[in-house]
Amino acid sequence: MEHGARKIERSADPDGASDCPVRRGPDGVWQVRGYPEARAVLRATGTVQAGLGIETVENLPSGLRRPVLYRDGPEHREHRRQTARFFTPRRVDERYREVMVRAAEAQIGRVRAAGRAHLADLSFHLSIEVAASVIGLTESRPGIRHRLERFFPEKFGRPGLTSLHGIYWLLRQTANWLRVYLADVRPAVRARRRRRRDDLISHLLDEGCSAAEILGECLTFAAAGMVTTREFINAAAWHLFTDGALLARYRGADEAGRLAILHEILRLEPVIGRLRRRTTAPLELDGGDSPVTVPAGALVDVDIERANVDARAMGGRPERICPGRPVSEGSGAAGLSFGDGPHKCPGAHIAILETDIFLSRLFALPGIRMAAPPKVGFKDEIAGYELRGCAVECRV
């Protein structure tokens, strides 16, 4: 059974080349829009990370280890291998489900008590508590939400010291880093120096990471685990509030059925709509009419939003929500919304499960309704969306 279409349209295609899976843009950047081609780029060993602030990270002092998001090659693979245990489905179910339930119940309690709440606030509190448990940020002083909100809105890019704007950016962001370190990271590190625990910060200490390196890793995982999950919860709720048949299906399904619905919504509404890579060796891709070779040193823009509606991978009418749709071999239920290859999001199962635990309880509230729809904003650097202002109400 088919349901609604995409609600968040982030980009137009003025040159009419949407059917071309691979092409070189007029700015020299290679555009990859087909699903098999996008997956091939993300899995290729001859590519490295680009975008997502890599320009700024490249200016870190020599000897300071980059956060895992910005590493590639054997070092990155080894780090992912060592930390994979924190994100396995079994561990998520055994260690973090209880945290998710407790955090979700606390936020649902706020709605029950007041009769009305803003969904972006509820989802951010939820995602902070879950991600903090995985990372090990469990000794934070009050106000972690406000500290993170001040840190993450900053645009990715190169701050520089050649203009007043660049100097202001650098000073402000340094102050934000310092607030998070003093109030959140340092207390957690001190507690784990006394006694190790089974979390990411303890692992980083065992690896001999410095305080600055641990701060970088914490903020990287926080961005991945808090900010993106917050946005997806809002997007999924928006679909369910406005599609009665889909909501009835969600309410009547078991957990596996509900997760299938959420994966399909995420396929249509990827929180990050674009990923970038830079080739370190020539890369051959299917260009539609004939193979295309992307040269070494090229910047490749992987259009997740378009790749996820490629009928070659997603079957008929890929622009509609169809939970459990048959997909081509090797294609994920959420498309490429969690990425693919060496940098595929390790917390995919955490994000989907905590979304379901929260939404299944939200939609069980008596008389729950959307009192105001969200306003859509965009982060152009990652073709990502921000949903704010969605108010929910229930009978008290």
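How many residues does helix H9 have, and what span does H9 reach from its first C-alpha to its last? In this predicted model, local features require pLDDT of at least 70 and side-chain atom pairs count only at pLDDT 80 or more, whereas totals for chains, interfaces and linings use all residues. Residues are numbered from 1 along each chain as its sequence is written, and side-chain values use heavy atoms, with hydrogens and water left out.

Helix H9 covers residues 211-242, has 32 residues and reaches 46 Å, close to the 46 Å expected at 1.5 Å a residue (the expected span is 1.5 Å times one less than the number of residues). A kink of about 30 degrees is centred on Ala222 in H9; the bend is the angle between axes fitted to the seven residues ending at a residue and the seven starting there. Of the 32 residues of H9, 24 are buried (under 20% relative accessible area, 1.4 Å probe, protein chains only).

The chain has 14 helices and 12 strands, taken as DSSP runs numbered from the N terminus (helices H or I, at least four residues; strands E, at least two). Buried residues make up 52% of its 396 residues. Among contacts (heavy atoms within 4.5 Å) with a separation of 6 or more, 73% join residues 24 or more positions apart.

The structure holds 0 disulfides, a disulfide being a pair of cysteine sulfur atoms within 2.5 Å. Cys209 is in no disulfide, and the nearest cysteine sulfur, that of Cys218, is 9.9 Å away. Cys209 is buried, with a relative accessible area of 7%. Cys322 is also buried, at 18%.

Note on methods. Buried < 20%, exposed > 50% of the residue type's maximum accessible area, 1.4 Å probe, protein only.
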